[in-house]
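Open the model in your viewer and keep the selection tool at hand. The stops below say what to select next and what is there.

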Amino acid sequence: MAKPNALSLYQKVELQRPLQRALDVTIFFLLLALLAYRLLLVRTHGLCWLYAIAFLCESWFAFFWALTANLTWTPVQYQTYPQRLLKRVEEFPPVDVFITTADPVLEPPIITINTVLSLLAVEYPANKLACYVSDDGCSALTYYSLSEALKFAKIWVPFCKKYTVEVRAPFRYFSDNLSSAGSPEFQYERRRMKHAYEELNQRIEDAAKSFTFGNLVGDLADFSNTKPRNHAPIIKVIWENKEGIRDGLPHLVYVSREKRPNITHHNKAGAMNVLTRVSGLMTNAPYMMNLDCDMFVNNPDIILQAMCLFKDPIIRREFAFVQFPQCFYNDLQDDPFGNQWIITMQLTMRGMAGIQGPAYMGTGCIHRRKVLYGQSPNEANINEKYYDDELYKIFGNSKDFVTSATRVLRSVEDYPNCLADSTKATHEVATADYEHNSCWGSKVGWQYGSIVEDILTGMLIHKKGWKSAYLTPTPPAFLGCAPSGGPIPLNHHKRATTGLLETLISRNSPIATALFDKLQFRQRMFYLWMYLTSVQAIPEICYALLPAFCLIANFHFLPKVQEPVICIPLLLFILFVLRQMLGYIETDQSIRAWWNNHRMDMIKSMCSCLLGVVAVLLKILGLSETTFEVTKKESASSSDDTESSDRDLGRFTFDESPMFVPITTIMMIQLAALSIGFLGTQPGRREFGVGEVTCSVWLVLCFWPILKGMFAKGSYGLPWSTLFKSSALAFLFVYLCRMSTK
């Protein structure tokens, strides 16, 4: 029997998926066969622009499929053993936790404090934990809510640890019916906690109505006459664990960095870098975990599980960061909006873990501080590499911060200090112009230059040769609330695709640095796949218009039924659908969930991806700048949902956004093409075949929510302005198609 100290703290398990591999290879060779068929057509019938467009689109699909198959070719799963860690490690490393919020209206403080409370109650020594809350909205209400939440935390955290509560976000815990479970003492304590939480919630709601922000006094005086984009830095220590009590409460610090109208603040990446500097002066923990304000801790052992990978003495592999999946608690049956990301989190990310590691997703991640300070793997000492003047050029002009950064890069442990003594120095590193003439956002910290700073930061870490790990514990590490269907998730997707395309055409592109970085070949293929999803809309829209053109102009671009080569596109369609369905069956989802996600992928491609491409083109032309849009955060309980309310929640909503114009236009074109094709108004003998009709019908089925929106009213219906623009564009397309036959 192995000795306890000889056992590893984690195990890397390779997952075998031979059927999926066989399907991936078969589909790829069928795509190549389809391309060969196109080339033979050119040889026998001459060059035709219709076949040329089909060939270009299908070439793209074959290339993109190779990138896609690479993602899940060698999936792995990490199994951690926290109990071995507890027996082996006496002194745990400190961890600084960053929680970011930007707007008290779009991100209500009650959501933020639930995330904070769930974090303060994790199973980790309180004297080794510090929580920093970044408020980019400079809201007195957010600060007041955190101060009130601290009072509740003093009774909530001991309650959670005494009774081993699993879900430690109060709003979720009290949404479950546990009235008949547990001892009388537990029931009494639970009722007391629930009453205290309801009072906390009420105080925050009352404060939101009664605050007069121009006349704040006392601890809130610093917020008087401040504006979200024009204010001095505000840093307040809400709670300090001065005695270093292991079972007490972790540090809680409020941070609102300085903002000025004439200085670029770099959105979330800028806020994260300020938190890095402020925490570096106060606690300087070697590990940093960051969370979005709406992603509460669902598994109290989560930091212990991450430490199993960071601190394993047997498998001496240094991971740059450990990423956890993004999971959601408000899942509707069969995922009608395709926003649960189950396939991405359970299959794609595990596939990446088998290469160089998962991408950094912006939340639910624990980083090594020294990695974000620019250190490369196996770089143990900075004495020989840096002089003091170089350190100031890299980290800025704060002597105190340069000293703290040097200790991190030398792997020297910091001793606990009084947080209040660091307040003056933290104000200096939180000013709006501190990063001027430094390397923040380029060589150290979270990276600037893209509104998807998370993906860019993770990629540059991988380019240095670092590896990352992906942990999928049970229960899930973090839970959030997925946005409802309609404009909100599409706007979020548009923001992501815009940022990805920005990175693709920048100097940080994985193509541009191929000869100089340390990205593994397959990891480079992954990043290419991610960035190229932003331009996937162009070949998909072109291909979607081909069957409509054929129906209107009486042509064909697919083989006819009587031709033996018809088996190629037919097999492609069947095997592609089967390959997708296998993923949903493997992740315990229904066939209906596959269909919902498939149609939402099509809708996103035609809506948000296309507008993301347009936004980047306008930026290149100097006509506009890409902007970071804060999406509205929701907090809902799924415990009281009825079947009828689920149907309402599953309905698509629309607004006057131009995103809905392209897809509505395509829907109208398909309907017009099918009408013309079946009415037989084309001149001469019918040339189009079953393939073209099937493609158009399939697109109509995929875009069924759009068709329903054309006839619905209110928020469930498409606005008249969208219908008018789409009708004009569809009429123009039909007219041009008919003119091409003359």
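How much of residues 603–622 is helix and how much is strand, and how far apart are the end C-alpha atoms? Select the span: the chain there is 90% helix and 0% strand, with the end C-alpha atoms 28 Å apart. Helices (H or I, at least four residues) and strands (E, at least two) are DSSP runs, numbered from the N terminus.

This is a predicted model, in which local features need pLDDT of at least 70 and side-chain atom pairs count only at pLDDT 80 or more, while totals for chains, interfaces and linings use all residues. Residues are numbered from 1 along each chain as its sequence is written, and side-chain values use heavy atoms, with hydrogens and water left out.

**Annotated spans.** The unreviewed UniProt entry gives "transmembrane region" at residues 21–40, 46–67, 561–582, 603–622, 659–681, 688–706 and 718–737. UniProt positions are in the numbering used here, feature names are shortened, and annotations may be inferred rather than shown by experiment. Select residues 718–737 next: this span is 90% helix and 0% strand, and its end C-alpha atoms lie 26 Å apart.

**A helix pair.** Select H20 (residues 591–620) and H23 (residues 690–702), whose axes come within 9 Å and cross at roughly 100°. Axes are lines fitted to C-alpha atoms, for helices over the stretch in contact, and angles run from 0 to 180 degrees between N-to-C directions. H20 and H23 are therefore roughly perpendicular (65 to 115 degrees) to each other. Show side chains for the contact (heavy atoms within 4.5 Å): H20 brings Trp594, Trp595, His598, Arg599, Met602 and Ile603, and H23 brings Trp698, Leu699, Leu701 and Cys702.

Go to glutamine 523, in helix H17 (residues 521–532). Beyond its neighbours within four places in sequence, glutamine 523 is in contact with Met352, Ile355, Gln356, Gly357 and His462. Then select phenylalanine 337, in the loop between strand E10 (327–328) and helix H10 (342–353). Phenylalanine 337 is also buried, with a relative accessible area of 5%.

**Confidence.** Finally, colour by pLDDT, the predictor's confidence in each residue, from 0 to 100. The protein averages 89, and 92% of the residues score at least 70. Over residues 636–647 pLDDT stays under 50, and the model has twelve contacts beyond four places in sequence for them. Where pLDDT is low, the predicted coordinates should not be read in detail.

How values were computed. Angles under 35 degrees count as roughly parallel, over 145 as roughly antiparallel, 65 to 115 as roughly perpendicular and the rest as oblique. Buried means under 20% relative accessible area, exposed over 50%, partly exposed in between (1.4 Å probe, protein chains only).
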